[in-house]
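Subject: Handing over the structure

Hello,

Here is the structure I promised to pass on to you. Have a look at it first, and then read my notes below.

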Amino acid sequence: MNIILDEKQKESNKFLEFQRIWTLEKVKSMSLEEYTNLKYENPNYYCYWLDVLLKEYAGFGGNDAGKFGIYRYKKPPKKDDYLYDNRYAWRKNLGNTKDEVFEKVKKEIVKVIEYSQNNNLKCIDKEILNEILPFGLKWKIAFHYQNPNDIKIVNIFKKDILEAICKNKFKSNLEIYELHKKLLKDKIYTLDSMRNDVSVPLWEHYSNLNTKTIEQNKINFSIYLNKVTKKDGSKLSEGTKENYIEDISRISTKYLNVNLYKCDIKQFDFKCKELENNKKYLDQNSTNKNRYSSAIKYYRDFLINSSDKEFYNNKETNKGLNVENPPLNQILYGPPGTGKTYQTIDKALEIISKEEKIQIPSKDDRTNRKKLFDEYVKKGQIVFTTFHQSYGYEEFVEGIKPRIDRENSKEVEYEIKDGIFKELCQKALDNYKASLLTQEEFVKNEDLENKIEFFLDELVDQQKFIEKTQSGGFRLEEYNEKYRIITDDTNVNLYLNLEIFKILLENKDKIINGRSIKQILNHKHRRQIDSYYFQLVKLFKEREQDYKVDNNSSKKPDSKPYIIIIDEINRGNVSKIFGELITLIEPSKRIGEEEEIKVKLPYSGKDFGVPKNIYIIGTMNTADRSIASLDTALRRRFEFIEMMPDVEELEKSKYKDVNLKKLLEAINTRIEYLLDREKTIGHAFFIGIDNLEKLKKVFQNKIIPLLQEYFYNDYALINAVLNDNGMIFEDKKDDKYLQKKNLYNVDNERNIYTIAPFDDEIWSNIKTYQAIYDDKITNKTKNENE
């Protein structure tokens with residue numbers, strides 16, 4: 001192989017060093033210990049080269065060492081599909097003993113090397129079994145055994161990305177070996193020219209292209225299933241629909257190694273043909289009573305119909321994309337039962353659809369809206385909290401919290417703990433900063449973060465003492481998801497601040513002693529922990545060359561919205577909870593704006609600001625407290641969206657014996673006249689009522705108690721609101737006791753009212769409820785009673 005590189009390049013190029021060390025003959029004679037090991041015992045084993053040292057030009061993803069077929073473990077695996085002895089673990093499907101599995105894996109590796117050196121890409125694609133060498137692994141091995149001056153394989157090893165290139169760039173279902181030839185166009189590329197001209201541009205364009213497509217197709221498939229009618233005229237059950245949506249993902253992962261949610265109809269049919277000869281799939285489908293084949297049929301029908309925009313009601317589902325810029329701070333306010341908390345889900349999704357340019361399910365498709373909302377909660381982009389009288393600054397921003405040392409239960413430590421809003425702001429700020437970087441800057445930043453993680457985990461695993469310039473040493477241990485510095489002095493209680501450590505490593509060339517750290521961090525005095533930072537930076541610089549990371553692994557993120565939903569915002573002491581944040585949440589004072597402001601927090605002493613991609617959605621019950629009584633500073637910084645009872649919603653009710661629309665309209669008209677509109681009753685109390693029994697329970701358990709609260713137990717007024725329908729009646733049974741005390745003379749206009757017992761037949765009489773809005777029934781009932 002004629003390699004044209006100077007001596008300096010030869011020394012620094014891991015690609016050539018790998019080829020020099022791990023020749024074909026070396027691999028043929030390779031032992032299991034040379035194939036897989038633990039880094040601190042042998043940092044030059046074959047898998048470590050593939051997984052870490054060769055990440056300069058390409059990674060192939062996955063943190064599971066099982067991708068290598070067999071591996072040396074620290075802890076035995078807890079997966080059912082693995083076997084292990086006292087040193088090694090391996091995938092059960094590859095064999096029963098470590099020697100059997102290793103020989104099988106090594107045989108395939110040798111074949112890959114031979115095919116690669118002979119430029120036989122077709123055999124790599126078709127003959128090397130993915131069950132033994134996963135797709136990414138076999139192509140990475142092949143890539144590193146080719147001539148660096150005549151590259152035939154592009155360094156992209158993720159199958160879904162390659163298939164996306166086939167679909168979008170070439171509009172064809174190419175085989176993988178054909179795709180490599182087409183991408184390189186029979187030109188002669190060196191290693192670097194191929195990477196700069198071909199693989200990097202392709203990766204940046206296609207790496208995240210299909211992420212949104214997958215989620216969107218799941219949503220659209222769900223919309224399609226909601227509209228499907230079976231032969232007998234019935235609809236699919238909720239459970240069946242959920243199963244079909246998940247089944248497409250299961251089939252993709254278990255039996256095809258390609259995500260069907262990313263396929264067009266041609267690719268889908270092509271991939272599904274593979275299932276006809278897949279015994280595991282056929283057996284499972286039979287066990288599931290052909291549920292898999294039904295899911296495939298419905299998804300295929302969905303793909304065929306996907307061009308019919310009207311079928312998916314896209315005008316409705318795309319509504320979120322056309323909304324005006326949503327306010328950063330908004331409060332939904334109104335009487336109880338108007339759906340304020342319910343609407344926060346819609347408001348959050350509107351923000352996300354606007355900022356991330358995604359399609360959201362229609363408002364009628366509540367199930368899928370909630371699913372999409374829950375997905376963003378899991379991602380950490382949406383958090384939910386409820387204010388109450390005991391809620392404070394410490395829970396919302398930061399505070400000092402006690403912590404018991406589990407190793408010594410008598411020892412209580414105190415730590416500064418971030419609150420829910422501060423944690424969300426940190427996530428949002430990290431995303432905002434990353435979105436401002438160029439791709440090159442982002443890769444460099446991610447590279448450093450990955451190296452830091454690798455470095456610290458290595459120190460924790462080795463548990464070796466790190467010598468200081470002065471007497472003594474220290475080691476690191478993980479404690480409560482933090483890195484604690486352990487020294488000979490048991491009175492020392494220090495923790496590594498990862499943010500500070502990263503800043504120091506970004507300036508590592510400027511650090512020559514402990515005083516340098518004080519200058520970089522702009523501290524007035526040297527601190528005890530600075531000497532530990534100095535030693536860690538020094539050790540990192542010595543080991544950094546060992547930590548190679550995948551520069552192609554990520555694409556810089558776009559700016560994303562981060563949303564906090566605060567239910568019952570007016571029930572807490574808002575001034576106390578928000579503190580200095582009252583100023584920081586103002587749109588013009590956000591981080592990223594021209595007038596951005598940061599404050600120094602009282603407990604941690606850190607500078608803090610609210611990034612411009614933070615959204616606050618609050619709800620407020622006006623029956624508890626009116627807007628006028630809210631803190632003026634808070635009112636000025638929020639937009640208020642009124643949510644009043646909507647009686648038109650009750651037109652959709654399936655219950656027709658009682659006109660729920662007229663009933664609510666009558667009650668609220670009287671309440672507004674006697675009190676005010678802020679204490680009316682919301683339509684949500686009556687949503688879902690489809691029989692008399694449910695209506696009875698709503699009145700007994702919700703409406704009557706609410707009216708008692710509104711009118712301070714003035715039953716004459718409550719009776720007036722109910723139009724004297726019999727639920728409240730004048731009670732004169734105790735009048736003899738009143739006469740004996742001559743109380744009539746004190747207040748002879750006073751009447752005693754009682755709520756009808758809940759087991760009284762009046763509650764089960766339809767006319768009782770109709771009488772609220774129909775005076776004829778009321779008069780007739782009163783005459784009958786008299």
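**What I found**

Lysine 379 lies over the face of tyrosine 376, with 4.2 Å to the ring centre. A second case of this kind involves lysine 297, whose charged end sits over the ring of tyrosine 298, 4.8 Å from the centre of that ring. Please keep in mind as you read on that this is a predicted model.

**The cores**

The largest nonpolar core has 67 residues. Val27, Tyr35, Tyr46, Ile109, Trp139 and Ile141 are the ones with the most contacts inside it. Helix H6, which covers residues 98-117, gives the most to this core, with eight residues. As general background, nonpolar side chains in soluble globular proteins tend to be buried together.

Helix H2 (residues 14-21) is also worth a look, as it is mostly covered, with six of its eight residues buried. The buried ones are Lys14, Phe15, Leu16, Glu17, Phe18 and Gln19.

**Aromatic rings**

There are 36 aromatic pairs in the structure. One of them joins tyrosine 35 and phenylalanine 102 in a tilted arrangement, 5.6 Å centre to centre and with 45° between the planes. Tyrosine 35 belongs to helix H4 (residues 32-35) and phenylalanine 102 to helix H6, so this pair ties together parts that are 67 residues apart in sequence. Tyrosine 35 counts as buried because its relative accessibility is 0%, and phenylalanine 102 is buried too, at 5%.

Phenylalanine 387 and phenylalanine 396 form an edge-to-face pair, with 5.6 Å between the centres and 85° between the planes. Both of these phenylalanines are buried. Elsewhere in your view, you can pick out a cluster linked by ring pairs, made up of Phe18, Trp22, Tyr35, Tyr46, Trp49, Phe102 and Tyr145.

**Salt bridges**

The count of salt bridges comes to 43. In one of them, lysine 28 meets glutamate 25 at 3.8 Å, N to O. These two residues both lie in helix H3 (residues 24-28), three residues apart, which is about one turn of the helix. Lysine 28 is partly exposed, at 37% relative accessibility, while glutamate 25 is exposed, at 52%.

Arginine 543 and glutamate 458 also form a salt bridge, at 3.0 Å from N to O. This one links distant parts of the chain: arginine 543 is in helix H25 (residues 530-543) and glutamate 458 in helix H22 (residues 439-462), 85 residues apart. Glutamate 458 is buried, with a relative accessibility of 7%.

Then there is lysine 508, which forms a salt bridge with glutamate 544, the closest N and O atoms being 3.8 Å apart. Lysine 508 lies in the loop between helices H23 and H24, and glutamate 544 in the loop between H25 and strand E12, so the pair ties together parts 36 residues apart in sequence. Both residues of this pair, lysine 508 and glutamate 544, are buried. Salt bridges with shared partners join Asp447, Lys451, Lys508 and Glu544 into one network.

**Cysteines**

How many disulfides are there? The count is zero. Cysteine 263, for example, is in no disulfide, and the nearest cysteine sulfur, that of cysteine 272, is 8.0 Å away.

Definitions and conventions:
Residues are numbered from 1 along each chain as its sequence is written. This is a predicted model: local features need pLDDT of at least 70, side-chain atom pairs count only at pLDDT 80 or more; totals for chains, interfaces and linings use all residues. Side-chain values use heavy atoms; hydrogens and water are left out. A disulfide is a pair of cysteine sulfur atoms within 2.5 Å. A nonpolar core is a set of buried Ala, Val, Leu, Ile, Met, Phe, Trp, Tyr and Cys residues joined through side-chain atoms within 4.5 Å. Buried means under 20% relative accessible area, exposed over 50%, partly exposed in between (1.4 Å probe, protein chains only). Helices (H or I, at least four residues) and strands (E, at least two) are DSSP runs, numbered from the N terminus. Rings of Phe, Tyr and Trp (its six-membered ring) pair if their centres lie within 6.5 Å; planes under 30 degrees apart count as stacked, over 60 as edge-to-face and the rest as tilted. A charge sits over a ring if NZ of Lys or CZ of Arg is within 6 Å of the ring centre and within 35 degrees of the ring normal. A salt bridge is a side-chain nitrogen of Lys or Arg within 4 Å of a carboxyl oxygen of Asp or Glu.
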